[in-house]
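Subject: Structure for you to look at

Hello,

Here is the structure we talked about. Please open it first, then read my notes below.

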Amino acid sequence: MEAIAEKKSYQVDSKGYYGTFGGAFVPEMLYPNVEELRQNYLQIIADPSFQKEFNDLLRNYVGRPTPLYRANRLSKKYNTNIFLKREDLCHTGAHKVNNTIGQILMAQRLGKKRIVAETGAGQHGVATATVCALMNLECTVYMGELDIERQAPNVARMKMLGAEVRPAICGSRTLKDATNEAMRHWINNPVDTHYIIGSVVGPHPYPDMVARFQSIISEEIRWQLKEQTGKETPDYVLACVGGGSNAAGAFYHFLDDEDVRLVAVEAAGMGLDSGHSAATTALGKPGVLHGSRTILMQTEDGQVVEPFSISAGLDYPGIGPQHAYLYDSGRGIFMSATDEEAVQAAFELTRLEGIIPALESAHALAVLGQLGATTDETVVINLSGRGDKDMATYMKHID
Amino acid sequence: MNRIKELFRNADHVQNNGLLNIYFTAGFPELNDTMGVLRALQDGGADLVEIGMPYSDPVADGETIQKSNDRALENGMSVKVLFEQLKDMRKTISVPVLLMGYVNPVLQYGIEHFCQKCAEIGVDGLILPDMPMDVYLNEYKTIFESYGILNIFLVTPQTSEARIRLIDAVSEGFIYTVSSASVTGSKSGVNANMESYFSRLNSMNLKNPRLIGFGIKDHETYKQASGHASGAIIGSAFIRVLQESQDLEQDIKSFVREVKNYPETIEI
């Protein structure tokens with residue numbers, strides 16, 4: 001009994017915390033909405049009818065299980081055994097849809113009629129607009145005015161899917177401001193609207209709920225790895241971290257396997273010391289952002305600092321509270337990659353394996369050379385998204 | 001005795017019109033306007049003043065207050081600067097003063113240090129909308145109390161009766177009654193839905209008095225709100241006055257006077 005009690009848990013506790021991180025730091029106007037979700041989410045997820053519908057959609061609509069692909073030429077280059085978890089092959093082009101499928105089913109069971117979401121690069125916005133079209137729910141997506149200009153193709157996709165895209169015009173006019181606007185929208189529409197947060201951020205129970213919906217990634221990795229190598233745990237799991245939803249999903253079923261090294265790669269932007277970076281753990285400190293106590297980039301006065309990364313999906317000043325705890329406890333290994341390193345890694349994967357990764361996922365690939373993985377070790381990289389949306393950036397680097 | 005408690009204790013026999021609490025953003029429109037605005041509010045007849053500490057991500061606020069926050073931050077406002085500006089305020093200011101803001105800048109300053117500074121300066125209460133009640137009760141309540149600082153809680157039309165009772169039990173001073181499901185500055189006036197919500201609150205016999213905020217903008221709405229509570233809170237409408245003003249002192253005083261004393265005989 002004592003041994004069990006002493007075993008460290010990296011999952012959320014009964015009060016909504018991961019160590020000292022997490023909680024629900026929301027104004028009273030949001031309390032009933034968040035509380036309604038908190039009281040119901042575990043029961044709804046555990047319901048067999050929910051599980052059946054969720055798994056059916058993941059299989060037949062999203063295209064799961066996604067392949068676990070042994071990247072032979074990449075492995076040879078780094079003298080180790082590299083497997084790519086192909087979340088880029090999910091419907092809509094990234095892992096984001098695992099979460100939006102789960103949350104739209106949640107919203108239906110809570111009797112909600114309308115959906116609001118935030119988006120940065122537009123991937124989560126597209127994944128949300130997609131499931132809203134599927135389930136015939138009204139969809140409003142907030143997007144920073146600057147991001148709307150930078151990500152025109154995804155704006156067009158959301159509109160074609162029937163979503164209303166509203167610009168966030170205050171502050172820095174990017175992801176964090178879009179998140180603020182979505183929260184305000186939820187305050188203004190508390191009864192019939194569900195807020196589909198796109199990452200493992202926000203007030204409890206969002207980080208835990210989103211991680212559960214994304215945990216299918218590591219669930220599949222385990223049996224796929226066993227099938228291919230005879231062993232279900234790798235030596236390393238690598239994932240990029242903005243808010244951290246793909247990493248949370250890729251780490252989930254390995255958290256208690258302490259011999260599996262969990263590597264989170266943040267976006268260093270133009271460099272850690274450049275003043276244009278999004279490497280939260282390297283540059284941030286504990287504080288409260290978007291409803292949870294976590295690590296965030298901020299001034300001495302506690303004002304949130306605007307991050308920078310070439311990848312809009314990693315351009316976020318905080319990280320999910322579970323990641324803050326993995327960092328703080330030493331369970332997670334946090335590394336970073338610059339814009340330039342990420343672009344190089346994207347080209348390397350493309351030329352060696354014929355797979356064009358999203359700029360976000362390219363950050364995880366970029367640290368392969370620094371891992372020190374040996375020839376008898378196994379590395380799983382979560383390839384969270386495909387690079388179609390990033391072609392304009394990549395084109396600039398083609399001679 | 002805490003000035004907020006004293007105000008509400010004496011309020012009944014001092015006046016019947018309802019107490020007027022006015023919010024403004026520190027360091028707005030210009031960095032060093034804070035004390036001038038505060039003085040003009042007191043001179044004009046505000047009963048309490050709520051000074052907003054600007055924040056980069058004010059999720060409970062509408063566009064007007066967001067923009068005043070952005071501007072104040074550009075002007076260089078911070079918790080440290082604000083405390084410096086307010087350090088001698090009790091030489092001239094006798095009305096209760098509250099600081100309103102989001103929890104992160106207060107955490108970064110250090111809760112205890114923050115409360116100590118408030119006590120030193122003569123700040124009477126704090127409104128931190130995103131500080132959860134359980135965190136306050138478990139971690140900060142004893143600190144607030146040891147410095148005599150009141151923590152003001154909010155209730156909204158969606159707050160359950162059980163939670164209202166809980167908030168009432170742990171509150172001192174007053175309860176900030178949010179009039180409708182909205183961020184600041186979005187709607188105005190009192191409609192039928194609100195009437196039933198206010199009546200419901202009235203019938204609960206809470207131990208704390210209530211001030212109604214959100215959507216209060218002029219004499220009419222102030223009077224409506226005061227009919228259902230001990231008074232009202234004005235924020236965004238006052239920020240708009242500051243935005244457009246050519247003569248802050250004059251415009252502030254006449255705004256407050258108009259809100260409180262608009263002649264009864266004029267009907268719309």
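Where in chain A is the place of Tyr78(A)? Tyr78(A) sits in helix H4 of chain A, which covers residues 72-78. Please keep in mind that this is a predicted model.

Beyond its neighbours within four places in sequence, Tyr78(A) is in contact with Glu348(A), Leu368(A), Gly369(A) and Ala373(A). With Glu348(A) there is also a side-chain to side-chain polar contact of 2.8 Å. Ile217(A) is another matter: 139 residues separate it from Tyr78(A) in sequence, and the C-alpha atoms are 24 Å apart.

**Lys85(A)**

Ile217(A) comes up again here. It is among the residues that Lys85(A) touches, and so are Thr66(A), Glu220(A) and Asn382(A), leaving out residues up to four places away in sequence. Lys85(A) belongs to strand S4 of chain A, residues 81-86. Its relative accessibility is 0%, so Lys85(A) counts as buried. The side chain of Lys85(A) reaches the backbone oxygen of Thr66(A) at 2.7 Å. Lys85(A) is also part of a salt-bridge network with Arg64(A), Glu87(A) and Glu220(A).

**Other salt bridges**

Side chains of opposite charge can pair when their charged atoms come close. Over all chains, the structure holds 37 salt bridges.

- Arg173(A) pairs with Glu145(A), with the closest N and O atoms 3.1 Å apart. Arg173(A) lies in the loop between strand S7 and H9 of chain A, and Glu145(A) in helix H7, so the pair ties together parts that are 28 residues apart in sequence. Arg173(A) is partly exposed at 27% relative accessibility. Glu145(A) is partly exposed too, at 28%.
- Asp124(B) pairs with Arg90(B), the closest N and O atoms being 2.9 Å apart. This pair links distant parts of the chain, 34 residues apart. Asp124(B) is in the loop between helix H6 and strand S4 of chain B, and Arg90(B) in the loop between helix H4 and strand S3 of chain B. Asp124(B) is buried at 3% relative accessible area, whereas Arg90(B) is partly exposed at 22%.
- Lys117(B) meets Glu120(B) at 3.6 Å, N to O. They are three residues apart in helix H6 of chain B, so about one helical turn separates them. Lys117(B) is partly exposed, at 25%. Glu120(B) is exposed, at 54%.

**Annotated positions in chain B**

An unreviewed UniProt entry places the feature "active site" at Glu50(B) and Asp61(B). Here is how they sit in the model.

Glu50(B) lies in strand S2 of chain B, residues 48-52. Glu50(B) counts as buried, because its relative accessibility is 2%. Its contacts beyond four places in sequence include Tyr23(B), Met100(B), Ile127(B) and Tyr176(B). Asn21(B) is also in contact with Glu50(B), and the two side chains make a polar contact of 3.3 Å.

Asp61(B) is in the loop between S2 and helix H3 of chain B. It is buried as well, with a relative accessible area of 4%. Among the residues that Asp61(B) touches are Met100(B), Tyr102(B) and, from chain A, Arg184(A).

**Where the chains meet**

How many residues does each chain give to the contact? Chain A gives 34 and chain B gives 41. The area buried between them is about 2,900 Å², and carbon and sulfur atoms give 52% of it. Arg184(A) returns here: with Glu28(A) and Met29(A), it is one of the residues of chain A that lose the most area to chain B. Together these account for 22% of what that side buries.

Across this interface there are four salt bridges and 18 residue pairs in polar contact. H9(A) supplies the largest share, seven residues. By type, that side of chain A divides into 18 nonpolar, eight polar and eight charged residues. As for a salt bridge between the chains, look at Glu139(B) and Arg293(A), whose side chains meet at 3.4 Å, N to O.

Best wishes

Conventions:
Residues numbered from 1 in each chain as written. Chains lettered and ligands numbered in written order. Predicted model: local features only at pLDDT ≥ 70, side-chain atom pairs only at ≥ 80, totals over all residues. Heavy atoms only, no water. UniProt positions renumbered as here; feature names shortened; annotations may be inferred. Helix = DSSP H or I, 4+ residues; strand = E, 2+ residues; numbered from the N terminus. Buried < 20%, exposed > 50% of the residue type's maximum accessible area, 1.4 Å probe, protein only. Contact = heavy atoms within 4.5 Å. Polar contact = N/O pair within 3.5 Å; in protein donor to acceptor, adjacent residues only side chain to side chain. Buried area = accessible area lost by both parts, 1.4 Å probe. Nonpolar A, V, L, I, M, F, W, Y, C, P; charged D, E, K, R; others polar.
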